[in-house]
Amino acid sequence: MTRRGGRPSGVDVRPVITPDPFDIRVALAGIVHWADSPQVRQRMMTAIDFPVADLSMFLVVNQLTYRGATKPSVLAGALGTGRANLTKIANRLEDIGLVVRVPAPDDERSVLIALTAEGRGYGERISDQLSQDLDAVLAHWGPKDVDALRRVLARLRHDAANGS
């Protein structure tokens with residue numbers, strides 16, 4: 001039986017995955033959780049002087065920075081939101097001049113969301129700030145270690161994306 005505010009007997013409160021820093025799962029989860037944290041995202045928005053204090057709008061610009069012009073359904077999936085919500089976000093971004101809808105080159109019935117010149121400027125700021133942040137994190141690493149990390153991460157990304 002459970003008392004309010006108490007712990008039922010027999011409940012194991014330890015993590016399922018042992019927090020071993022040399023466990024790849026733990027290391028990857030830590031990096032993803034850090035990069036995905038509201039604090040890191042808010043700091044990035046401030047650092048690049050994003051024009052609105054709207055995280056969802058920032059995330060769309062960030063996705064377009066990496067992907068280029070993208071179908072709304074793909075953006076909705078990447079952000080973990082529905083198409084209707086993505087449409088509202090895109091409308092707000094269009095209203096402030098950061099994105100535009102363009103016909104999809106391979107399907108005349110579809111549209112893509114693309115960055116405008118001003119939106120690309122914010123994408124460049126995101127890229128520059130991320131480079132500065134990574135340079136600071138890796139400042140005490142030797143060139144061979146940075147190169148090894150670059151190669152291993154590229155291989156991991158490729159194999160994960162291709163189901164290898």
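**Exercise 1. A salt bridge across the chain**

Which side chain meets R43 in a salt bridge, and at what N to O distance?

*Solution.* The model is predicted.
- Step 1: the partner of R43 is D133, at 2.8 Å from N to O.
- Step 2: classify the exposure. Buried means under 20% relative accessible area. D133 has 15%, so it is buried.

**Exercise 2. Other salt bridges**

*Solution.* 
- Step 1: D12 is partly exposed at 48% relative accessibility. R14 is exposed, at 61%.
- Step 2: R109 is exposed, at 74% relative accessibility.

**Exercise 3. An aromatic cluster**

Find the aromatic pairs and classify their geometry.

*Solution.* 
- Step 1: there are 2 aromatic pairs.
- Step 2: take F50 and F58. Their ring centres are 5.5 Å apart and their planes stand at 85 degrees. Over 60 degrees counts as edge-to-face, so this pair is edge-to-face.
- Step 3: take F50 and Y122. The centres are 5.7 Å apart, the planes are at 75 degrees, and this pair is edge-to-face too.
- Step 4: locate the second pair. F50 lies in the loop between helix 2 (38–47) and helix 3 (55–67), while Y122 belongs to helix 6 (residues 117–137). The pair therefore ties together parts 72 residues apart in sequence.
- Step 5: check burial. F50 and F58 are both buried, and Y122 is buried as well.
- Step 6: F50, F58 and Y122 make one aromatic cluster.

**Exercise 4. The hairpin**

Describe how strand 1 and strand 2 are joined.

*Solution.* 
- Step 1: strand 1 covers residues 99–104 and strand 2 residues 107–115.
- Step 2: the strands run antiparallel and are joined by 6 bridges.
- Step 3: they form a hairpin, with 2 residues between them.
- Step 4: follow one partner. R101 has I113 in strand 2 as its bridge partner.

**Exercise 5. A nonpolar patch**

Name the residues of the nonpolar surface patch and the helices that supply them.

*Solution.* 
- Step 1: I24, L28, L153 and L156 make a patch of about 350 Å².
- Step 2: helix 1 (24–35) and helix 7 (143–161) each contribute at least two of its residues.
- Step 3: examine L153. It lies in helix 7 and is partly exposed, at 42% relative accessible area.

Conventions: Residues are numbered from 1 along each chain as its sequence is written. This is a predicted model: local features need pLDDT of at least 70, side-chain atom pairs count only at pLDDT 80 or more; totals for chains, interfaces and linings use all residues. Side-chain values use heavy atoms; hydrogens and water are left out. Rings of Phe, Tyr and Trp (its six-membered ring) pair if their centres lie within 6.5 Å; planes under 30 degrees apart count as stacked, over 60 as edge-to-face and the rest as tilted. Buried means under 20% relative accessible area, exposed over 50%, partly exposed in between (1.4 Å probe, protein chains only). Helices (H or I, at least four residues) and strands (E, at least two) are DSSP runs, numbered from the N terminus. Two strands pair if DSSP finds at least two bridges between them. Patches are made of residues with over 30% relative accessible area and no salt bridge: like charges are joined within 9 Å, nonpolar side chains (Val, Leu, Ile, Met, Phe, Trp, Tyr) within 5 Å. Accessible areas come from the Shrake-Rupley method with a 1.4 Å probe; for residues, only the protein chains shown count as cover. A salt bridge is a side-chain nitrogen of Lys or Arg within 4 Å of a carboxyl oxygen of Asp or Glu.
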